[in-house]
Amino acid sequence: MANTFLIKKWTRLYRTFDLNKDNVLTIADAILFSDRFIESNNMKGEQAADYKKKYLEWFRGFFLKGEEKMTEEGFVNKMREAYNRDGKEFEKTVRHHMSILVSITDVNKDNSISREEFGDALKAMGLVSFDNKYFDAYPQVKPGFIEANLFLQSWVEYCCNSNESNVSQLEKARLYGFRIIDSI
């Protein structure tokens, strides 16, 4: 059963992606993020169009779930229903969605998230600058690079781990980051 720890994390996730802060997720939030990300990565032409298409598809699938708009209560309820119906299937679905997000965040397709890619994603979330402690909280395969699968795993654990007393280092990094983002 989904507990208060999970519900709190899902709520924080929802609020983080409500970029225009109108308390409703719509495609406008996704467009705002994708436009900022495209600009900060100097994407042009086909690359920009491809990124935007993939991001909007991801956002529609993960957040809007077939709806035109999603309230916080609606999102949390859909997450709770799916989690309570079948936790293993829920984790599989989250892993699928987050693998898409990680893949499109990895702009240069080197199977790692660089400090720059990470920073560009945070800028797209609305942070003008960010504390390097967030990035540095992740294990790095080499200085300045997080292996994409570890980054993916941090998302999965964040969305799926219901045990507040058993939080991995990866999830701790994600939890720390969401506290930073909450401040914008």
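Predicted model: local features only at pLDDT ≥ 70, side-chain atom pairs only at ≥ 80, totals over all residues.
**Ground rules.** I number residues from 1 along each chain as its sequence is written, and I work with heavy atoms for side-chain values, leaving out hydrogens and water.

For Phe75 I listed contacts (heavy atoms within 4.5 Å) beyond four places in sequence, and they are Trp10, Leu13, Tyr14, Phe62, Phe63, Lys65 and Met70.

**Rings.** I noted 26 aromatic pairs in the structure, where rings of Phe, Tyr and Trp (its six-membered ring) pair if their centres lie within 6.5 Å, and planes under 30 degrees apart count as stacked, over 60 as edge-to-face and the rest as tilted. Trp58 and Phe59 form an edge-to-face pair because their ring planes stand at 65°, with the centres 6.5 Å apart. I then checked burial (buried is under 20% relative accessible area, exposed over 50%, partly exposed in between, with a 1.4 Å probe and protein chains only): Trp58 is buried at 2%, and Phe59 is buried at 0%. Tyr83 and Phe90 are likewise edge-to-face, with centres 5.4 Å apart and planes at 85°, and both residues are buried. I also found one aromatic cluster whose members include Tyr14, Phe17, Tyr55, Trp58, Phe59, Phe62 and Phe75.

**Charges over rings.** I counted a charge as over a ring if NZ of Lys or CZ of Arg is within 6 Å of the ring centre and within 35 degrees of the ring normal. Lys65 lies over the face of Phe62 at 5.1 Å from the ring centre, and Lys9 lies over that of Tyr158 at 5.5 Å.

**Ser112.** I placed Ser112 in strand 3 (residues 112-114) and found it buried, with a relative accessible area of 6%. Its side chain makes a polar contact of 3.0 Å with that of Asp110, and beyond four places in sequence Ser112 is in contact with Asp106, Glu117, Phe145, Ile146, Glu147 and Ala148. A polar contact is a pair of N or O atoms within 3.5 Å; within protein, one must be able to donate a hydrogen and the other to accept it, and residues adjacent in sequence count only if both atoms are side-chain atoms.

Conventions:
Helix = DSSP H or I, 4+ residues; strand = E, 2+ residues; numbered from the N terminus.
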